[in-house]
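Look through the structure, then read on.

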Amino acid sequence: MKTTIHRIFRLLLFPLCMAGASALNAAPLSAQDTSAVRQEIQEKPVKFRFYGFVRNDFTWDSRQNMAVVGELFHFVPLDRDLNSRGEDLNAVPNSRLLAVVTRLGLDLDVRQFGRTKIDAKVEADFCGTSSTYFLVMLRHAYIRLRWGRHSLLAGQSWHPMSADMQPLVLSLNTGAPFNPFSRTPQVRYDVALHPMLSLSAAAMYQMQYTSPGPDGLSPYYQINGGLPELYLGLDFAAHGFRAGLSGEYMMLRPRTTGYPLSEYFTEPLPEERIRVSDRVHSFSATAYFGYTYKSFNLKAKTIYGQNLSHLLMLSGYGVTARHTDGSRSYSPLTSSVSWINATYGQRFMAGLFAGYMKNLGSSRPFVSDDMIYVRGYSNIDQIVRVAPSFSYNIKGFSVGVEYEMTGAFYGDRTDDHGRVSDTHFVPNHRIYAVLSYTFSTK
């Protein structure tokens with residue numbers, strides 16, 4: 001092992017050593033050392049595999065929605081917007097056809113240094129971010145090291161709460177906002193405790209999928225907090241069954257500066273800005289279950305969590321107190337979210353997805369509606385979704401259609417804890433059609 005480490009260091013330092021020797025007119029490396037380093041460099045080249053698919057997505061909606069990526073990534077229908085005639089201005093049907101989900105990936109095969117195996121992945125598509133869906137977006141970019149039962153991943157990949165179990169649906173949203181959706185820079189450690197039991201631990205930072213706050217959506221609320229998001233999960237798999245439990249903790253720092261307040265909190269004192277140490281803490285717990293038998297797959301997941309907005313879930317936090325030293329206290333909104341998904345078949349595949357979300361509010365009252373920071377809308381009490389689908393798949397070619405009914409219970413009243421009442425139901429009916437061709441160099 002030591003010999004291998006020494007060779008790796010010599011391989012990395014060889015160009016610098018040669019340049020330094022030439023610049024300083026120093027004695028060159030010995031013939032033996034040069035030969036050893038060149039032997040490392042001239043090893044057989046890394047094997048790689050290109051893969052991906054060309055995909056066309058068509059959608060038709062019965063009304064206006066909160067959606068991104070050219071309206072392909074659907075969250076929730078917009079609330080009613082009634083004029084004096086009683087017309088709902090958001091009840092406008094619309095459709096679109098895009099190929100931006102087209103994807104290209106590169107897998108770098110395993111290289112071995114002693115007991116350490118190393119591989120890597122780079123993957124991108126044309127979904128961009130938000131409305132810039134015509135731009136290339138980085139999906140995955142990581143290096144993975146493996147030692148027997150242990151592995152260490154460093155780079156951008158699926159958030160563990162997204163990857164632990166995902167529903168199989170045709171829609172680009174992959175079950176969001178009921179299933180967590182995020183790919184994020186991380187360091188993740190996995191170990192097989194038993195042939196049927198594994199443990200995962202991860203530390204993550206926000207990049208593309210971020211939290212809301214006083215300055216809108218931004219990764220800096222977490223970056224300025226000084227701590228990564230922390231995850232710990234346990235997964236069991238045997239005889240077609242799979243189950244898991246996990247927990248997550250995150251701390252945000254919504255502001256770094258503020259103004260002192262007068263004793264009666266009427267308005268900021270006429271003083272220069274000062275540094276403040278605002279913090280908002282949140283926790284979540286997840287449980288999931290899956291079963292596979294031949295062509296039948298059943299999956300289910302439930303989450304009880306706080307401030308899940310960075311996972312493209314409709315949640316957030318708010319200010320509960322303002323202090324004379326300029327700082328603020330916060331409390332996260334809590335949500336209960338569950339989904340179930342069943343599919344049957346391979347060449348001809350039928351599927352059904354059902355999801356439910358309930359806004360449970362905050363444990364402490366908020367000081368103002370203007371100081372509640374959420375992804376989505378703060379007057380949503382519940383969301384439901386039912387989505388049956390059917391697809392035909394053969395030799396990399398796939399065509400499918402999905403009907404998705406997503407409905408939101410919007411409230412006319414919201415109390416100081418963020419709980420919603422006097423609700424009315426607003427549904428959207430979506431037809432989603434997909435045509436794709438998958439390819440690989442292997």
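## Salt bridges and voids

The whole structure holds 17 salt bridges. The model is a predicted one.

| Pair | N to O distance |
|---|---|
| R96 and D61 | 2.9 Å |
| D119 and R144 | 2.9 Å |
| D119 and R146 | 3.8 Å |

Take R96 and D61, joined by a salt bridge of 2.9 Å. R96 sits in strand β4 (residues 94–98), while D61 belongs to strand β1 (residues 48–61). The two are 35 residues apart, so this pair links distant parts of the chain. R96 counts as buried because its relative accessibility is 13%. D61 also counts as buried, at 1% relative accessibility.

D119 lies in strand β6 (residues 116–125) and R144 in strand β7 (residues 137–147). The pair therefore ties together parts that are 25 residues apart in sequence. The salt bridge from D119 to R146 spans 3.8 Å, N to O. R146 is in strand β7 too, so this pair ties together parts that are 27 residues apart in sequence.

R144 is partly exposed, with a relative accessible area of 27%. R146 is partly exposed as well, with a relative accessible area of 29%.

### Buried arginines without a salt bridge

R183 belongs to strand β9 (residues 183–194). This arginine is buried, yet it has no salt bridge. Which side chain of opposite charge is nearest to R183? It is D125, 5.0 Å away. R183 does have a polar contact: its side chain joins that of Y209 at 3.1 Å. Beyond residues up to four places away in sequence, R183 touches M137, R139, H140, Q156, S157, W158, H159, Q208 and Y209.

R253 lies in the loop between β12 (241–252) and β13 (257–258). R253 is also buried and also lacks a salt bridge. Here the nearest side chain of opposite charge is D278, 6.8 Å away. The side chain of R253 reaches a backbone oxygen instead, that of V276, at 2.6 Å. Leaving aside neighbours within four places in sequence, R253 is in contact with Y221, N224, G225, R275, V276, S277, D278 and R279.

S182 is found in the loop between α3 (160–163) and β9. S182 counts as buried because its relative accessibility is 2%. Contacts of S182, leaving aside neighbours within four places in sequence, are S157, W158, H159, S162, Y209, H310 and L311. Of these, S157, W158, H159 and Y209 are also touched by R183.

Rolling a probe the size of a water molecule over the atoms shows where empty space is left. How many cavities of 30 Å³ or more are there? The count comes to 3.

The largest pocket holds about 1,200 Å³ of space. Its lining has 50 residues, of which R55, R103, S171, L172 and T174 are the closest to its centre. Several strands each give at least two lining residues: β1, β2 (65–68), β3 (73–77), β7, β20, β22 (380–394), β23 (397–414) and β24 (420–440). Which strand gives the most? It is β22, with 5 residues.

Methods
Residues are numbered from 1 along each chain as its sequence is written. This is a predicted model: local features need pLDDT of at least 70, side-chain atom pairs count only at pLDDT 80 or more; totals for chains, interfaces and linings use all residues. Side-chain values use heavy atoms; hydrogens and water are left out. Helices (H or I, at least four residues) and strands (E, at least two) are DSSP runs, numbered from the N terminus. Buried means under 20% relative accessible area, exposed over 50%, partly exposed in between (1.4 Å probe, protein chains only). Lys and Arg count as positive and Asp and Glu as negative; His and the chain ends are not counted. A salt bridge is a side-chain nitrogen of Lys or Arg within 4 Å of a carboxyl oxygen of Asp or Glu. A polar contact is a pair of N or O atoms within 3.5 Å; within protein, one must be able to donate a hydrogen and the other to accept it, and residues adjacent in sequence count only if both atoms are side-chain atoms. Contact means heavy atoms within 4.5 Å. On a 1 Å grid over the protein atoms alone, a cavity is a set of points where a 1.4 Å probe fits but cannot get out, and a pocket is an open set with protein on both sides within 12 Å along at least five of seven lines; lining residues have an atom within 4 Å of a point. Grid points are joined across faces, edges and corners, and a volume is the space filled by probe spheres set on the points.
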